[in-house]
Structure formats: structure tokens, C-alpha cells
There are 2 protein chains.
Amino acid sequence: MLADIDYIEGIGLLAAALTTYSFLPQVYKTWKTKDVSAFSITTFSLFFIGIICWLIYGIYKQSLSMILANTITMISSFMILVLIYKYRKP
Amino acid sequence: MLADIDYIEGIGLLAAALTTYSFLPQVYKTWKTKDVSAFSITTFSLFFIGIICWLIYGIYKQSLSMILANTITMISSFMILVLIYKYRKP
């Protein structure tokens, strides 16, 4: 029973690690290339607001993994959003 | 007390709706423009694998909102990934 719980929580932690880390290569690539023409501003704006909601939800739920994962994703998605607004052509 | 729970779950549902819906404008834009040069393949590959892990976690946790949100995000991120592989220049 304990092994089952560990296994399930392991998948949850792996999920959090993967979706949190995944945005860092995009931040690096966009910062280096300044190429933002392909991005949907709507997508990254709504995603950023959504992550803030997940963070608030995680705080209310007192879930440390949700708070950690969504804080990092909030920062990296905010950085992508800033780069999009900075380098987009009017 | 019930009002508090409703309020918190409302934020969770809003978070799920926003992060799930957010990818659709990107799928549409990429499908129309075929412009994928700015995307990090690493980011979208890791994100896709991470969403599959969140889906498995949601199934184990018997959370309908996690299952619904992550199934839709899995499909939309898979579509973006297919478009990236289809239109990227070697």
C-alpha cells in the first residue's frame, strides 16, 4: 500500500519536474535568437494567468509540490511573455 | 465553509480551463503559418511527456478535472509537436 502511494507520488513528482523544467530551453532559445514571430501571444498570456491560478489553488491546498512547480513555471512563462512583447514586430 | 471550498475549487477549475484552452490559439496559428523556427523541440517534447505523467497521476488520483484538462492539453501539445516536426528545417 505504501509502495503504491510512493509510486503514484513518484509519477506526480516526475510530471511536475518535466512540465516545470520544459520551459527553460524555450526561454534560452528565445533569449538567444530573439525570434518570437511564431508565438501566439494569446496562448502565452492565458497560460501565464492560468499558472497564477494554479499557484493560488496550490497555496490554498497547502501543496508544496504545486507551489514549487507553479512558481518556477510562472517565472519562466513570464520571461517568455516579456521576450515576446519585447521582440515582436508591430 | 462550503462557500470557501467552492471558491477554492472555482480557482482550480479556472486554472484548468485557462491552461487547457491556452494552447488552442498556438495550434491554430502554427497550423496556418507553418512557422515553427522559433520553437524549442526540447521544450514541447518534455512538456508532452510531462502532461502524459500528469494524466496518469490524475487517473490514479481519480480526479476528473485533472483527467479532462490533461487529456485536452495532451492532444493540443501533441498537435504542436507534430507541426514542429513536420515544418522544421533540417
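1. As this is a predicted model, the points below describe computed features. In it, 35 residues of chain A are in contact with 35 residues of chain B, and the area buried between chain A and chain B is about 3,300 Å². Carbon and sulfur atoms give 72% of that buried area.

2. The count of salt bridges between chain A and chain B is two. One of them pairs Glu9(B) with Lys61(A), where the closest N and O atoms lie 3.0 Å apart. Across the interface of chain A and chain B there are also 20 residue pairs in polar contact, counting pairs in which both residues have pLDDT 80 or more.

3. On the side of chain A that touches chain B, at least two residues come from each of helix 1 (2-21), helix 2 (23-33) and helix 3 (41-60) of chain A. Helix 3 of chain A gives the most to this side, supplying 13 residues.

4. Helix 2 of chain A deserves a separate look. Which residues of this helix are buried? They are Phe23(A), Pro25(A), Gln26(A), Val27(A) and Thr30(A). In an α-helix, residues three or four places apart point the same way, because there are 3.6 residues a turn.

5. After helix 2 of chain A comes Lys34(A), and the phi of Lys34(A) is positive, near 55 degrees.

How values were computed
Residues are numbered from 1 along each chain as its sequence is written. Chains are lettered from A and ligands numbered from 1 in the order in which they are written. This is a predicted model: local features need pLDDT of at least 70, side-chain atom pairs count only at pLDDT 80 or more; totals for chains, interfaces and linings use all residues. Side-chain values use heavy atoms; hydrogens and water are left out. Contact means heavy atoms within 4.5 Å. Buried area is the accessible area (1.4 Å probe) that two parts lose on being put together, summed over both. A salt bridge is a side-chain nitrogen of Lys or Arg within 4 Å of a carboxyl oxygen of Asp or Glu. A polar contact is a pair of N or O atoms within 3.5 Å; within protein, one must be able to donate a hydrogen and the other to accept it, and residues adjacent in sequence count only if both atoms are side-chain atoms. Helices (H or I, at least four residues) and strands (E, at least two) are DSSP runs, numbered from the N terminus. Buried means under 20% relative accessible area, exposed over 50%, partly exposed in between (1.4 Å probe, protein chains only).
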